[in-house]
Amino acid sequence: MKKTLISIVVLSMAIISLAFTACSGKKDSVSGSGTAKESVKKNEKSKGKANPESDFKVELNDDGTGIRILQYIGTSPNVIIPETIQGMTVLEVKPSFCINEEWMDSSGNKYRGNKTVKKIVFPDTITEFSGEYTERLGDLIALEYVKLPKHLKNKTYNKVSMIGPNEVTNEEPISFGGCIKLKEIIIPDEVEFEVMPYFGGCTSLKSIKIPASVNHFTNTFWGCSSLNEIIFPESATSYEFEGLRVFEETNLPIATQAKIKQFGYKYSF
C-alpha cells in the first residue's frame with residue numbers, strides 16, 4: 001500500500017512537471033513569435049510606407065516611358081514617393097514639387113517654399129530632377145531628412161543670362177539652400193554629380209558624405225554653421241572650387257581644413 005501511494009505521488013509529480021514544461025515552452029514560443037513580429041514592424045516603420053498615389057500631381061515624361069512628379073498635394077509631413085504611380089515607373093521629379101506657398105518676412109523679402117514637409121525619400125527609380133535652375137529643393141524650412149535616389153544622373157541645371165548682346169550659359173547645382181532644419185541627407189555613392197549640391201544656410205547640417213563623382217564645388221557649404229564633419233572619398237586628390245565662400249562660416253575641425261587645403265582650396269573657413 002505504501003509503495004503504491006509513493007508510486008502515485010511520483011507519477012503525479014512527473015505529470016505536473018511535464019505539463020509545466022509544455023506550458024512554459026508554449027509561452028516562450030508565443031513570446032518569440034511576438035518579438036519577431038515587433039522586429040518586422042520596426043523594420044517596416046524605419047523603411048517607411050510610401051504615400052498614396054493621390055498625394056501627387058503627375059504627368060507622362062517626355063519619351064512616354066514613365067511618370068514625372070509635378071507637385072506634392074498631400075498633408076503628411078513625411079513624403080515618401082512611391083516607385084510606381086498608375087502602373088508606370090516614377091522616373092523624374094521637378095525639384096519644386098513641394099513648393100506650395102509664398103510668404104514675406106519682416107523685412108519685406110518674399111519667399112516660396114514649404115513650412116510643413118519634414119522628410120523626403122526618393123525611390124531609386126528616379127533618374128532625373130527635371131526643371132529650370134530656379135526650381136529647387138531650397139526654402140523647405142521644416143525639412144529635416146532627405147534620401148536621394150542612387151541612380152540620379154543629372155549633374156547641373158543650366159542658367160542662361162545676358163551679358164551685353166551675348167547669351168551665356170552657366171551651370172547651377174541642385175540646391176538645398178535655405179533648408180535651415182536639415183540635419184541629415186543621404187547621398188548614395190552611385191549618384192553622378194559633377195557639381196556638389198548647394199547647402200548654403202543649412203545651419204542644422206552637421207555631417208555630409210561627398211560622392212566619388214563630384215569634382216566641383218560652388219559656394220556649397222557657406223553658412224553651414226553646425227557642419228563639423230565632411231567625409232571625402234579615399235580616391236579624392238583635388239577639386240575645383242568656384243567662389244570665395246565654399247566653406248566659410250562652417251565649424252570644421254583644423255585637420256579637416258588642412259585636408260581641404262590640400263585639395264586646392266585657397267580661401268577662408
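The dialogue below asks why features of this predicted model carry the names they do.

Reader: What should I know before reading the values?

Author: This is a predicted model, where local features need pLDDT of at least 70, side-chain atom pairs count only at pLDDT 80 or more, and totals for chains, interfaces and linings use all residues. Residues are numbered from 1 along each chain as its sequence is written, and side-chain values use heavy atoms, with hydrogens and water left out.

Reader: How many helices and strands are there in the protein chain?

Author: The protein chain has 2 helices and 17 strands. Both are DSSP runs numbered from the N terminus: helices are H or I with at least four residues, strands are E with at least two.

Reader: What makes S3, S8, S10 and S13 a sheet?

Author: Pairing does. Two strands pair if DSSP finds at least two bridges between them. S3 and S8 are joined by 3 bridges, so that pair meets the rule of at least two. In one of these bridges, Ile80 has Val121 of S8 as its partner. The 4 strands form an open sheet in the order S3-S8-S10-S13, with parallel pairing.

Reader: Why are S3 and S13 called edge strands?

Author: Strand S3 (78–80) and S13 each pair on one side only. From one strand to the next, the twist averages 5 degrees. The axes behind such angles are lines fitted to C-alpha atoms, for helices over the stretch in contact, and angles run from 0 to 180 degrees between N-to-C directions.

Reader: How do you know that Asp124 and Lys147 form a salt bridge?

Author: Set the distance against the rule. A salt bridge needs a side-chain nitrogen of Lys or Arg within 4 Å of a carboxyl oxygen of Asp or Glu. For Asp124 and Lys147 the N to O distance is 3.8 Å, so the pair qualifies. Asp124 lies in the loop between strand S8 (119–121) and strand S9 (128–129), and Lys147 in strand S10 (residues 145–147), so the bridge ties together parts that are 23 residues apart in sequence.

Reader: Why are Asp124 and Lys147 called partly exposed?

Author: Buried means under 20% relative accessible area, exposed means over 50%, and partly exposed lies in between (1.4 Å probe, protein chains only). Asp124 has 26% and Lys147 has 24%. Both values fall in between, so both residues are partly exposed.

Reader: What makes Asp189 and Lys209 a salt bridge?

Author: Their N to O distance is 3.5 Å. Asp189 sits in the loop between strand S13 (184–186) and strand S14 (207–209), Lys209 in strand S14, 20 residues apart. Asp189 is partly exposed at 46%, and Lys209 is partly exposed at 40%.

Reader: How many salt bridges does the structure hold?

Author: The structure holds 7 salt bridges. Glu59, Asp62, Arg68 and Glu92 are linked in a network of them.

Reader: Which residue does Glu249 meet in a salt bridge?

Author: Glu249 meets Arg245, at 3.7 Å from N to O. Arg245 is partly exposed at 30%. Glu249, in the loop between S17 and H2, is partly exposed at 44%. Glu249 also has a positive phi of about 65 degrees, although it is not a glycine.

Reader: Why is the Tyr239 and Phe263 pair called edge-to-face?

Author: Rings of Phe, Tyr and Trp (its six-membered ring) pair if their centres lie within 6.5 Å; planes under 30 degrees apart count as stacked, over 60 as edge-to-face and the rest as tilted. Tyr239 and Phe263 are 5.2 Å apart centre to centre, with 90 degrees between the planes. The centres are within 6.5 Å and the angle is over 60, so the pair is edge-to-face. Tyr239 is buried at 9%, and Phe263 is buried at 6%.

Reader: How many aromatic pairs are there?

Author: The count comes to 20 aromatic pairs. Ring pairs link a cluster whose members include Phe176, Tyr239, Phe263 and Phe269.
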